[in-house]
Amino acid sequence: MHYALAARGPIEDKPPDAPRRRSPWKRLGSLLALASALALGTTFVAASQPAYAVTAIDGAWTVVHGGTGQLSLNADGTYTSTCQVTPGYADAWCPASTGTFQYSTMSTASVTFTGADGSTISYRVSGLVSSPDTITSVFGSRTYSPLIMKKGSSFTCTDWNGTGTSFTQWGISPEVLYDAASNLLYATGSHELIGPKNIDTQVNLAETAPNYFQVGHCADFATPPAPSTIMGVTGVRDASTSLITSGHSLWVPQATVTIKDPTGTAVSGATVAGSFTDAGISGTCVTAADGTCTIGGGSAIGDSLPSSRFTTDNVTKAGMAWDGIHAAITVYDPNLPSPTPTPTPTPTPTPTPTPTPTPAPATHHIGNLDVVTSPFSSLKSWQPEVAATVLDSSGNAIAGATVSGTFTNHKGTLSCVTAANGTCTLGNFTFNRSTSSTVFTVTNVADASSTYMPAANTDPDGDSNGTTITVNR
């Protein structure tokens, strides 16, 4: 908004080119008027411009990720917020509890919240066709998991997906939990296993509650239709009738169908379509109050066709959905003796396979540290040496493991490879006699087939904690 200051002199009845003289008091008055106008104009320019909003931004917004709470954006440009940031989540941003907001469409549509505490935070308005009513924190965002708000007063499930390369902050991300001991990732909330922490691990997560993640997509956890909206065929019976015409025996194939919902309540007004395949007859009927209706009755056939297969083809009713299950029976000529029904064999249940337990990941640790320094090296120097033993989780020695460690007062990291008994020695350097002691610290134990568990390090002798040991001259 621009403000213009303008001034003009009093109108006098003189020609435009006539000389004009003003008395000193008139000149002083003009100067005072001009100064007053400038002061007023400066006040207008310095005053903060009023916040404003538009219909697309006004209303209730729900924080669906990175925090919890509601934001109410008012048409007068003020807002209130109950948003609380997820603890330990560096990328989440919440506006102050009260303040004003402004909506801008310059370059990128955004909304800026100016809190009553003086804080200012800007958010991008999505503008996407797929999610037009979404606001996400991108200004100052540091990771791939911003605070997200959606239009409305209720939580909406949000899909998240990525790999180890796009979600670079696995360890602090609210989407997943990282177990450093096993190097495995789990979905926050459901604790479902995602996989190892590496660049090839792919994950699709559904945020089914604020900051509660499950493996899959939102569609996998959608609320199914209410039971009353589903209907299906719960029974079909033979309702065929006989017809004697001019001494000839004829019969009319018919079937009575029963439609109910999952609660067992009869469904009236449903249109059922079915066909008698062997007789080449099809038809429809509409269920009565008890949920039943009879299909057929329009064509008579001779005794040359003693039976026909009947199948329900479709069931329709406004506001309800058919479960899609086709029911079928065989109907018979009632003029003939009733056939002996063939017993339906009882199916042999398929045994449920016993799930194979997932083996725990193989781990190893330091099982013993011992000082093996020679009691006498020379009169002027000595060589510290430490023997390290590597064991697996069952206490068995591991051969071929690389033990790395450091000695205080000695630069660099030393390493050795364990023998068949799981032990190797580190040292092979010299201190002068002025150094009376040194502390050895295990920094890593690498093995191709298992994971190092430093928390399990131990020493049965009690002369170390399995990770550090003091070596005296």
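**Disulfides and a sheet**

The torsion about the S-S bond of Cys157 and Cys218 is about -85°, so this disulfide is left-handed. In this talk, a disulfide is a pair of cysteine sulfur atoms within 2.5 Å. For this pair, the sulfur atoms lie 2.1 Å apart.

Before I continue, please note that this is a predicted model, in which local features need pLDDT of at least 70 and side-chain atom pairs count only at pLDDT 80 or more, while totals for chains, interfaces and linings use all residues. Residues are numbered from 1 along each chain as its sequence is written, and side-chain values use heavy atoms, with hydrogens and water left out.

What do Cys157 and Cys218 tie together? Cys157 sits in the loop between strand E10 (148-151) and strand E11 (158-163), and Cys218 in the loop between strand E16 (212-215) and strand E17 (230-238), so the pair joins parts that are 61 residues apart in sequence. Strands, marked E, are DSSP runs of at least two residues, and they are numbered from the N terminus.

Are these two cysteines buried or exposed? Buried means under 20% relative accessible area, exposed means over 50%, and partly exposed is in between, with a 1.4 Å probe and protein chains only. Cys157 has 25% relative accessibility and therefore counts as partly exposed. Cys218, at 15%, counts as buried.

How many disulfides does the structure hold? There are four. Another of them joins Cys285 and Cys293, with sulfur atoms 2.0 Å apart. Its torsion about the S-S bond is about 45°, so the link of Cys285 and Cys293 is right-handed. Cys285 is buried at 8% relative accessibility, and Cys293 is buried at 7%.

Cys416 and Cys424 also form a disulfide, their sulfur atoms 2.0 Å apart. This link of Cys416 and Cys424 is right-handed, with 50° about the S-S bond, and both cysteines are buried. When the bonded cysteines of the chain are numbered in sequence order, the pairing reads 1-2, 3-4, 5-6, 7-8.

Let us turn to the sheet. Four strands form an open sheet in the order E23-E20-E17-E26, with mixed pairing. Strand E23 (292-296) and strand E26 (321-322) are the edge strands, each pairing on one side only. Two strands pair if DSSP finds at least two bridges between them. E17 and strand E20 (residues 254-260) pair in the antiparallel sense over six bridges. Within this sheet, Asp238 stands opposite Ala255 in E20.
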